Amino acid sequence: MKRLVVGSLLVSALLLGACQKSDKTAVKSTEQTSSVTKESSSTTIERSSSSSEMQSSTVNSESAIVADAQSLLIGKSFVLSPTLYDGEPVNQAMDEQKAPQNLFHDGVANIRFTDESTAHIGLAGSYRPDHDTAYTLTSRTLTVNQHTIPYSIENGLISFDSWTTEDQGHTITW
């Protein structure tokens, strides 16, 4: 009987030890989960921070592009003119009576950029006096008068792409 009691005590001790070990594993597992959760939170915070830095970097690069464009424009003059009317060269369309006869005359403007926000517009004809006007820049477009002109900067040079406008059902390419 002593053997049975000792054996029972031994089995009980082993079972009790196994249960305690199991509880420790559960506690350890919970601590790891908690640790993982904390790591995830910090990763999220780091990502948010990185996202803010990327947004800030994007804003800074856009500001830098605008500043570059301004420095490339100030003191320079450009001619703004229509080149196509409904896909045909402007002069040909006017000669064939397909385009308004004043399209080229009224559409041509000499634009001289005087400072970071002002352009001087020189127009053809004596009845359309020259004037100063504000212009704005984004990292991709220049807006002067009613024209929004796409541009790009490459190797320190600014270039303007053609664009179209609509006028009474007709397309004008500038």
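Biologist: What pattern does the chain follow, read along the sequence?

Modeller: The pattern is α-β-β-β-α-α-β-β-β-β-β-β-β-β, with three helices and eleven strands. Helices (H or I, at least four residues) and strands (E, at least two) are DSSP runs, numbered from the N terminus. Please keep in mind that this is a predicted model, where local features need pLDDT of at least 70 and side-chain atom pairs count only at pLDDT 80 or more, while totals for chains, interfaces and linings use all residues. Residues are numbered from 1 along each chain as its sequence is written, and side-chain values use heavy atoms, leaving out hydrogens and water.

Biologist: Happy with that. In what order do the seven strands of the open sheet stand?

Modeller: Strands of a sheet pair through backbone hydrogen bonds, either parallel or antiparallel. Here the order is β1-β4-β5-β6-β7-β8-β9, with antiparallel pairing; two strands count as paired if DSSP finds at least two bridges between them. β1 (77–80) and β9 (157–160) are at the edges with a single partner strand each, so one side of each has no neighbour in the sheet. From one strand to the next the twist averages 35°, using axes that are lines fitted to C-alpha atoms (for helices over the stretch in contact) and angles from 0 to 180 degrees between N-to-C directions.

Biologist: How many bridges join β4 to β5?

Modeller: Five bridges link β4 (residues 109–113) with β5 (residues 118–123), and a hairpin of four residues connects the two strands. Opposite Ala 109 you will find Leu 123 in β5, and opposite Phe 113 is Ala 119. β4 also pairs with β1, antiparallel, through four bridges; there, Val 79 has Asn 110 as its bridge partner.

Biologist: Which residues have the most contacts inside the largest nonpolar core?

Modeller: They are Tyr 135, Leu 137 and Leu 142, in a core of 26 residues. Such a core is a set of buried Ala, Val, Leu, Ile, Met, Phe, Trp, Tyr and Cys residues joined through side-chain atoms within 4.5 Å. Among the elements giving two or more residues to this core are α1 (2–73), β6 (131–137) and β7 (141–144). Not counting residues up to four places away in sequence, Leu 137 touches Val 66, Ala 69, Gln 70, Leu 73, Leu 142 and Tyr 151, where contact means heavy atoms within 4.5 Å.

Biologist: Where does Thr 173 lie, and is Thr 173 buried or exposed?

Modeller: Thr 173 lies in strand β11 (residues 170–173) and is buried, with a relative accessible area of 14%. Leaving aside neighbours within four places in sequence, Thr 173 is in contact with Pro 82, Thr 83, Leu 84, Ser 162, Trp 163 and Thr 164. Thr 173 and Thr 83 are 90 residues apart in sequence, yet 5.7 Å apart in space, C-alpha to C-alpha.

How values were computed. Buried means under 20% relative accessible area, exposed over 50%, partly exposed in between (1.4 Å probe, protein chains only).
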